[in-house]
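Here is a short briefing for a first look at a protein model. Keep the structure open beside the text as you read.

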Amino acid sequence: MSHLSFSNLQTLPPISFNHRLEPPSPAFVVPAGSRRRMIYVCCAEGGGRVKRTSTDDYHGTLKALNSKGRFPRKSLGQHYMLNSDINEQLAGVACIEQGDVVLEIGPGTGSLTNVLLNSGAFVLAVEKDKHMAALVSERFSSTGKFKILAEDVIKCHVRSHMSSLVESLKQIDQETRNAKVVANIPFNISTDVIKLLLPMGDIFSEVVLLLQEETALRLVVSSLRTSEYRPINIFVNFYSDPEYKFKVPRAHFFPQPNVDAAVVSFKLKPPTQYPKVSSTKSFFSMVNSAFNEKRKMLRKSLQHIGTSLEIEEALASIGLLTTSRPEELTMDDFTKLHNLIVK
């Protein structure tokens with residue numbers, strides 16, 4: 001993947017939401033002589049590729065929003081991507097190819113959707129904002145490779161929708177391959193989306209998300225014996241192999257958020273490769289109980305599961321101190337402890 005240089009980026013001007021969105025001042029117009037990127041969208045008719053000039057920049061985003069009388073809604077965490085190169089990198093991280101089926105969450109004006117379709121994927125998009133759902137439906141319905149659900153992704157039946165879609169596509173197209181998730185999601189639902197999607201290794205092979213950078217780092221690189229080590233780290237590593245990919249400066253979004261973003265890839269484990277525990281429900285219940293009182297030793301915080309002596313003996317048998325606290329245990333340690341003390 002090519003390395004992007006952000007040294008020449010300019011911060012976008014502040015936007016007032018008291019009137020219709022206007023194009024930026026001349027200082028932000030693309031300089032004369034700059035190359036305009038050309039993109040291609042797969043269309044249903046004839047299966048050919050139609051050459052089209054990209055409109056997914058600052059001007060195009062404002063135009064699309066104005067066409068529906070919309071502006072970004074803070075309550076929905078809407079921040080639209082302005083750089084098509086970032087979208088292409090997102091698709092590149094997931095290695096999107098012809099025949100892939102992609103779940104996109106919060107397509108907005110369709111800038112990432114455009115790239116995914118161009119890569120040959122069938123896209124199932126879930127958009128909570130019904131006005132934006134209508135916009136992307138109008139834009140891509142003619143491709144024959146796009147479906148939109150005007151729903152809250154946390155509440156809709158993702159597993160059911162994806163399973164039926166993949167099966168139906170396989171019946172009409174033998175090239176249908178992997179199901180993946182590629183999305184620029186609202187920062188305020190990151191944890192909920194991760195908890196929803198990562199246990200679906202029987203459906204998705206990979207989940208690629210654009211997250212708040214702080215969240216991305218905490219999920220991927222949080223270390224033992226630090227305050228950032230939490231139950232979500234155990235959860236992520238139980239169901240996937242996470243990898244931090246690259247940083248995305250805040251200047252690439254409209255409106256500009258107060259934080260930078262980053263791309264994380266979660267390679268999902270198939271259920272046969274999950275750590276061996278008698279019950280995932282009881283396992284994560286134990287982990288959460290341990291961290292709810294993380295200052296306490298495990299022999300105290302887990303007394304509702306076993307006696308202090310039983311917990312001490314279990315810790316010693318797996319090579320840990322009897323005075324261990326939750327932030328000192330790896331996922332494998334928690335797995336072994338669970339299998340020893342949970343009846």
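A residue counts as buried under 20% relative accessible area, as exposed over 50%, and as partly exposed in between (1.4 Å probe, protein chains only). This is a predicted model, in which local features need pLDDT of at least 70, side-chain atom pairs count only at pLDDT 80 or more, and totals for chains, interfaces and linings use all residues. Residues are numbered from 1 along each chain as its sequence is written, and side-chain values use heavy atoms, with hydrogens and water left out.

**The chain as a whole**

- The chain holds 12 helices and 11 strands. Both are DSSP runs numbered from the N terminus: helices are H or I with at least four residues, and strands are E with at least two.
- Of the 343 residues in the chain, 50% are buried.
- The chain exposes about 16,900 Å², and carbon and sulfur atoms supply 50% of that area. Accessible areas come from the Shrake-Rupley method with a 1.4 Å probe; for residues, only the protein chains shown count as cover.
- Take the contacts between residues at least 6 apart in sequence: 70% of them join residues at least 24 apart. A contact means heavy atoms within 4.5 Å.

**Salt bridges**

- Side chains of opposite charge can pair when their charged atoms come close. A salt bridge is a side-chain nitrogen of Lys or Arg within 4 Å of a carboxyl oxygen of Asp or Glu.
- A search of the whole structure finds 10 salt bridges.
- One of them joins Asp-152 to Lys-128, with the closest N and O atoms 3.7 Å apart. Asp-152 sits in the loop between β6 (146-149) and α5 (158-172), and Lys-128 in the loop between β5 (122-126) and α4 (130-140), so the pair ties together parts that are 24 residues apart in sequence.
- Asp-260 and Lys-247 also form a salt bridge, at 3.4 Å from N to O. Asp-260 lies in the loop between β10 (253-254) and β11 (261-268), while Lys-247 is in strand β9 (residues 240-248), so this pair links parts that are 13 residues apart in sequence.
- Asp-260 is buried, at 15% relative accessible area. Lys-247 is partly exposed, at 38%.
- A network of salt bridges links Lys-247, Arg-250 and Asp-260.
- Lys-245 pairs with Glu-243 in a salt bridge of 3.3 Å, N to O. Lys-245 is partly exposed at 32%, and Glu-243 is partly exposed at 42%.

**Two packed helices**

- Helix α8 (residues 231-239) packs with helix α9 (residues 280-292) at an angle of about 155°, their axes 9 Å apart. That makes α8 roughly antiparallel to α9.
- Axes are lines fitted to C-alpha atoms, for helices over the stretch in contact, and angles run from 0 to 180 degrees between N-to-C directions. Angles under 35 degrees count as roughly parallel, over 145 as roughly antiparallel, 65 to 115 as roughly perpendicular and the rest as oblique.
- Residues that meet across the pair include Phe-235 and Phe-238 in α8, and Phe-283 and Phe-284 in α9.

**Positive phi values**

- Most residues other than glycine have a negative phi.
- Cys-95 has a positive phi, near 50°. Cys-95 lies in the loop between α2 (84-93) and β4 (101-105) and is partly exposed, at 46% relative accessible area.
- Arg-225 also has a positive phi, near 65°. Arg-225 is in the loop between α7 (213-221) and α8 and counts as exposed, at 58%.
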